[in-house]
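The sequence and structure come first.

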Amino acid sequence: MFESWPALALFLGAALAGLTSGRLRAAVMLAAPLLGAYGVYQMEPGTLVGYQLLGLDLTHVRVDRLAILFGYLFHLAAFIGVVYSLHIRDRLQDVAALAYAGSAVGAVFAGDLLTLFVYWELLAITSAFLVFARRSERSLATGMRYLVMQVGSGVLLLAGAIWYAGAGNGLSFNYIGLDAPGGVLIFLAFGIKSAFPMLHGWLTDAYPEATPTGTVFLSAFTTKVAIYALARGFPGTDLLIAIGTLMACFPIFFAVVENDLRRVLAYSLINQLGFMVVGIGIGTELALNGAVAHAFNDVIFKGLLMMSMGAVLHVTGEMRGSELGGLYKKMPKTTILCMVGAASISAFPLFSGFVSKSMVVTAAVQEGHHLVWLALLFAAAGVFHHAGIKIPFFAFFAHESRYVADAHEPPRNMLIAMTIGALLCAGIGSFPAYLYALLPYDTGYSPYDVSHVLAQLQLLAFSALAFTWLKLAGIYPPELKSVHLDVDWFYRRLFPDTIRSMLSRLAPFDRAFRQWGLSMVSLAQQGLCRHHGSYGVLARAWPTGSMVIWVAVLLGLSLVLYYL
Amino acid sequence: MTLIDHLPVLVVILPLLTAPLCVLLDRPVAAWGAALGAAWLTFVGAALLVGQVADGGAISYQLGGWAPPWGIEYRVDTLGAYVLLIVSAMAALVLLSARESVEREIFRVNGARFYAAFLLAFAGLMGIVATGDAFNVFVFLEISSLSTYALISMGRDRRALTAAFQYLVMGTIGATFILIGIGFLYMMTGTLNMLDLAERLPEVSNTRTVRAGFAFLTVGIGLKLAMFPLHLWMPNAYTYAPSVVTAFLAATATKVAVYVLLRFILGIFGIEFGLGRMPLEYLLIPLGLMGILSASMVAIYQVEIKRLLAYSSVAQIGYIVLGVGLANTHGITAAVLHLFNHALMKGALFIALGAVAYRIGATTLDAFSGLGRRMPLTMGAIVIGGLSLIGVPGTVGFVSKWYLVLAALERGLWPIALLVLVGSVMAVVYVWKVVERAYFSQASSGSGEASEAPLMMLIPLWTLVLANIYFGLHTDLSAGLARQAATVLSGGQGERHAFAYLDSPGSAAGAAGGAGLCQAAQSA
């Protein structure tokens, strides 16, 4: 049953979670992803499950290696997320989270664009409730903005799909390409969900506003479904290389100056997505493998980081980096687990980020994209600074904050979930062959070769490692404080100063542009309100005489038209 | 002849004759019982008719045994039978919920007279659909309209009187236009029987008289249809009428007008003249689109939910008009489908509003504060009805919009497809307004303790809501019917199969390369 509709287990779990409570609900929540994963395990690549709707042949489930990989990934992420949120007694969140995971699984197994659209919209709606679930004015407003963007993406997808199918291409979801009719619309729809530059606002806006547990789910599914969709529909699109490079680089500046640590992670999520988008854009087997593998790893290590920050938020109720600090004393386990996540995202050898990120970087060199390669190296260094150092440092070290006194380790289930994530990070990093066996292509790639690129990457990684060690050590012996300050200055003064001076030059243009845009919007709104508002000309009650004039006008018009 | 043979006239006569009975009974509850019985019997009759038509094709019934074209003929074909079914079903369901609502809302007149007027309006609508005589259409139109004016004026707000008066003036103009149009046709052909008209019209179709008749008919029907910009009577009429009346009218009256439009354009004038030679699409497509966008925008700003839904009805009628205007297979299918689907969703939504009005006493946006907790079943119905209005897959609203978008793309008019989708997004906004207020805000303190709506309202409400989902999933039923109906409309009994290719399998995607309707009609 579950192998013919893999999303069934999670949807069923969501429905049951809505009806049960207490321990029974916890059992249901834990069983759903396991059952679903077992269903994926039973699946045979090449299976198609179709049905008919409105005279269209739709493929509800299409099984291949790519889909299976994401199927495993989403069930794994759902399981970790469920374990992480076991202490929560919130029916709304539980139901929304499982349904959200189910929609993601449904989307990656969808064999046609219409089915994909249905799951695409389900993703939008279910995930919005994870933002609403914080139940504050602010999260309500944020959730609405989020929902509008997400549903808008779905509408674009539907429009593109109908156009695409209308031109005789059929609805099946395979390579689409930008040149296909409707291709641009579908591309934009995918682009919104994978947070292309300028379309990324919803992500950094909504993710930090969700509940501590909700963010863990959010960071796992929506963007990865979009990456999957891009890998399926637009591999080898050159435009994606440029977009991805931009995505990998621009969030670094924002992440460095941002104070809300979960927002820093949201920016670094975009940065990691950039690596995947570049991989898809390069489009060789190695690059696609790299993109997909990086998506897999990103779910785990970004989830781990989000979980550790969620634990901090849960314990202290604070997420501003400037207010936190010193928590390692009371939360040593969380600190270590967070460091594992930080090491993974910074692509340290023996941690998961390394084995996938290096594939994309190698592919960029192999295909001769040297500038892209340089940009990616810069991005990798940037990740190290804002995610590898800044996150653990501000939260757990830095100065001793007022929260230290009351801090304690988070609930055990949170620690277990984080431990699972950390073990996976280290495990995949040390034994990448298991992950590689799942990838869509067999490229014989080995990350632990002493090739030119790897040597450089390792150089970078080890220099970064040295910095970290100095910094960790620098907290205790006073004589090493200078190093700590140097590093501190590097990312607290130099980067912001550079950016500030750049911004101060760009600001007037930016401000003028924004103000022009805002004034246009408010003008349009006023105009609409004037005509369509409650007392607007189109909405108010009309005198009978004016109604009759319209009748006369229309009659005259039709008479003229018909006589011609 | 057994009683079954008289079904085409029985479904009209039964409510017509029960109306005076209601007045004689003079007690609201007794009158309600009589009306409910009549409505359900009529519904059964209509269901039997659907079965008969499905088995033996269109039924011709000669009134008083006079053979057409001299005598009056009642003619029920596939589409007619289904419209009869939906009108009678809506009457039966709405009446089920009416007793409590009428007790609460109608106090200026005797409730018994309300039911009498209701049955007259119902009989008139059934008659319009059943008859095969053009003049008879006008007669029944007047029967239903006059009783509708009375029904609207019974609203508890005194503004209902003005609304009813305005509707009276506008409705009379519309009916007069229709009468003038029919008169012109009679002048040129000497016949009033629809089939006969369809046969004789092609000979004289080039005369100015026929063209003027066509213009008067389309504008007149457009008025009854509340086609933008002739919709101005409708928001007030819907807002101030009693809840029961609004639910019934929104689900049936404009739908019957759509049926009349299709009947005249496709059945009498014929596709070739109506949609081919007359540039009707230059009128219908822009007006339909303006209706969709403008009315949806107005709906977004409304704070009175009855009025909001009234404007949303104008927008939905825009979809239907657009479907007819696109003048190809999928367009007509979408129009016919939306005729049914809109009846289902608006019927459900307005009955739900009736329940809110019954419990809270108002239907302003403020009245909805915190209703999600206090009336969960009613609000659940509004949410699903709203999703259907938006056109979410799995509801009926999606099916008709799907065909509409296909129709637009088939003509290569993708901006129209885009605008249809924009209309959907606007529907999201105005539906969300209500949902947000109901689920995400606290109840206003003064509204007291409201509980769930009475069972007699919930039953019809959820019947309609489930129908919304059922027909959204089992699309072969409704879509198949729409195609079949279009076939029959276009050429009577399979004589001229302008729509023949409609029946080809997999037409939704397969007919993407299909020829437009006009070419098909010309080649047939």
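The expected span of a helix is 1.5 Å times one less than its number of residues. The model discussed here is predicted.

Helix α14 of chain B runs over residues 305–326 and has 22 residues. From first C-alpha to last, α14(B) reaches 31 Å, close to the 32 Å expected at 1.5 Å a residue. The helix is mostly covered, with 22 of its 22 residues buried. B:Ala327 follows α14(B) and has a positive phi, near 55 degrees.

Chain A contains 20 helices and two strands. Of its 564 residues, 54% are buried. Counting contacts in chain A between residues at least 6 apart in sequence, 78% join residues at least 24 apart.

Where the two chains touch, 35 residues of chain A are in contact with 49 residues of chain B.

Which helix gives the largest share of the side of chain A that touches chain B? That share, twelve residues, comes from α20(A). By residue class, the side of chain A that touches chain B divides into 27 nonpolar and eight polar residues, with no charged residues.

Technical notes
Residues are numbered from 1 along each chain as its sequence is written. Chains are lettered from A and ligands numbered from 1 in the order in which they are written. This is a predicted model: local features need pLDDT of at least 70, side-chain atom pairs count only at pLDDT 80 or more; totals for chains, interfaces and linings use all residues. Helices (H or I, at least four residues) and strands (E, at least two) are DSSP runs, numbered from the N terminus. A residue is buried if 20 or more other C-beta atoms lie within 10 Å of its own, exposed if 12 or fewer, and partly exposed in between; C-beta atoms are placed from the backbone. Two residues are in contact if their C-beta atoms, placed from the backbone, lie within 7 Å. Ala, Val, Leu, Ile, Met, Phe, Trp, Tyr, Cys and Pro count as nonpolar, Asp, Glu, Lys and Arg as charged, and the others, Gly among them, as polar.
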